[in-house]
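The sequence and the structure follow.

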Amino acid sequence: MEKILVGYLIDGKHSGIDKYLLNVLKMVSSKQVHFDFLTTNREEELAQYLEAYGSNLYEIPSLKHPIEQYKRVKQLIMEQNYTIAYFNISEAFNSMAVKAAKDCGVKKVIVHSHSAGIDSHNPIKRNIRLLLHTIFKQFLVHWATDYFACSKKAGQWMFPQSVITQKRLQLIQNAIDADRFVYNQEIREKVRTQLELNDKFVVGHIGNFCYQKNIKFLIDIIRELVMIKSNAMLLSVGVGPDMEMAKKLVKQYGLEDHVCFLGQRNDVPELLQAMDLFLLPSRFEGLPIVGIEAQVAGLRIILSNTISEEVKLSENCIFVDIHASANYWAKKIKENAVYKRIYIEQLKSNYCFDIKQQQGLLQSLFQTD
C-alpha cells in the first residue's frame, strides 16, 4: 500500500486547493492508496468527512513557527512510514514539510504549485515574502523529487529555471467533478427566484476577499456597470479579510441594491446556474478552478489578462487588461451580456477539465514503482 501525506487543507470549503485535493482523494483513495492530510487549524467537520475515506487530519504548527512545523511533520512521517509526501503550496517558503520529508528519506516528495504571486496588501510584507520565496525555491530542487504545477505561470513562479529547461516540470490540470456543474434551466429558475434575481442581470464572483482577488477593483467595476446597465447585480460568494472593506465601499457607492454578499456557501454549482456572466479581475492566479467551474456551467467569463491562458475552454472566456479602467471593464461586460450558453459537451479544448477523465493519470502519479 502507498501511504501518502498531503499538505495542506484549510477547511475543505472555500479554498481552490482544498477543492482540488478533496477531488483527488475521491478519485484515487482505495485499498492500495491511503491519504492523510495536514492542516494548521483542525476543523472537526472536515476531519469527519476525511474519516469516511479512512484518512486522518493532522494539525501542525503554522509557518509562524517553522522549526516546530518541521519537527512535527518529521515526527509524523517517522511514525506513519509514508511512502509519498505531496505538498500543494503557493509560496516556496512554505517548504518546511518538504525538507522534513526529504530528511526522513521519503522515496517520492512532490511539490505542486498552485499560485503565481504574493497575496498581501502590504508592499513591505510582499517584498519580504518575495525575497524568501526566491531564496527557498532554489532549495526545492534538492528537497523534492517531483515538480507539479497547475499552469505554466504557476510552474515558473515556484521552481528554478533549471526545472523548466530540463523538462522536469509536469503540468497537472485543475479538474472538477464536471457532472455537478452542467447547466440546468430548472435549477437556474429556482435559485433566481429564491434570491429574488428574476429581473436582474447577474454578474457572479466567487473567491476569497483578499489582495489576490482585487476586491476593490471588482466593486469599482460593478459601480461603473450599474451606471450603464441599471439592472446589474453582483452575486458575491466568499469570505476573507477584505470583506468589511468591500461592504463599506458598497455602502459608500450606494450599491446596496446591486450587490448581494452570500458569504461562504456549499451550493456553488447551483449558484453558477443563476448567474448570467462570471467576473474574475484577479491580480494573479495559478489556474482558478472557479474559472473552469463557471465555463462548464455554460457561463461567459471575463477575467484579467494576468490569469493563465490554460483556463480558457471556449470562446466564452474573455481576457481583459488588468490595467484598463473600471469603466472599460464595465463596457466589456455590457457588450458580452447576450450570448449562447455553451453546454459541457460542446466545449472544445485539449484541457482535461473532468476529474473522472484524470483518474488514471492521478493514480499513476501516486505510485513509487
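In this predicted model, strand S9, helix H10 and strand S10 form a β-α-β unit of right-handed sense. The helix of this unit, H10, covers residues 243–253. Its two strands, S9 and S10, pair in parallel over four bridges. Within that pairing, Ser236 has Phe261 of S10 as its bridge partner.

An open sheet is formed by seven strands, ordered S3-S2-S1-S4-S5-S6-S7, with parallel pairing. The edges are taken by S3 (57–59) and S7 (169–171); each has a single partner strand, so one side of each lacks a neighbour in the sheet. From one strand to the next, the twist averages 25°. Strands of a sheet pair through backbone hydrogen bonds, in either the parallel or the antiparallel sense. Inside this sheet, S4 and S5 are joined in the parallel sense by six bridges, and Ile84 stands opposite Lys108 in S5. Helix H2 (residues 44–51) packs on the sheet, where it touches S1, S2 and S3. The direction of H2 makes about 145° with that of S3.

| Strand | Partner strand | Sense | Bridges |
|---|---|---|---|
| S9 (residues 232–237) | S10 (residues 259–263) | parallel | four bridges |
| S4 (residues 84–89) | S5 (residues 108–113) | parallel | six bridges |

Helix H4 (residues 96–103) has several buried residues: Met96, Ala97, Val98, Ala100 and Ala101. Their cover includes strands S1, S4 and S5 together with helices H3 (66–80) and H5 (123–143). After H4 comes Gly105, which has a positive phi near 80°.

In soluble globular proteins, nonpolar side chains tend to be buried together. Here the largest nonpolar core contains 65 residues, and Phe35, Leu272, Phe278 and Phe366 have the most contacts inside it. Helix H1 (residues 16–28) supplies the largest share of this core, eight residues. Which residues does Phe35 touch, leaving aside those up to four places away in sequence? They are Ile4, Val6, Val24, Leu25, Val28, Ser29, Ser55, Asn56 and Phe366.

Terms used: Residues numbered from 1 in each chain as written. Predicted model: local features only at pLDDT ≥ 70, side-chain atom pairs only at ≥ 80, totals over all residues. Heavy atoms only, no water. Pairing = 2+ DSSP bridges. Right-handed = clockwise from strand over helix to strand, strands pointing away. Axes fitted to C-alpha atoms, helices over the stretch in contact; angles between N-to-C directions. Contact = heavy atoms within 4.5 Å. Buried < 20%, exposed > 50% of the residue type's maximum accessible area, 1.4 Å probe, protein only. Core = buried A, V, L, I, M, F, W, Y, C linked by side-chain atoms within 4.5 Å.
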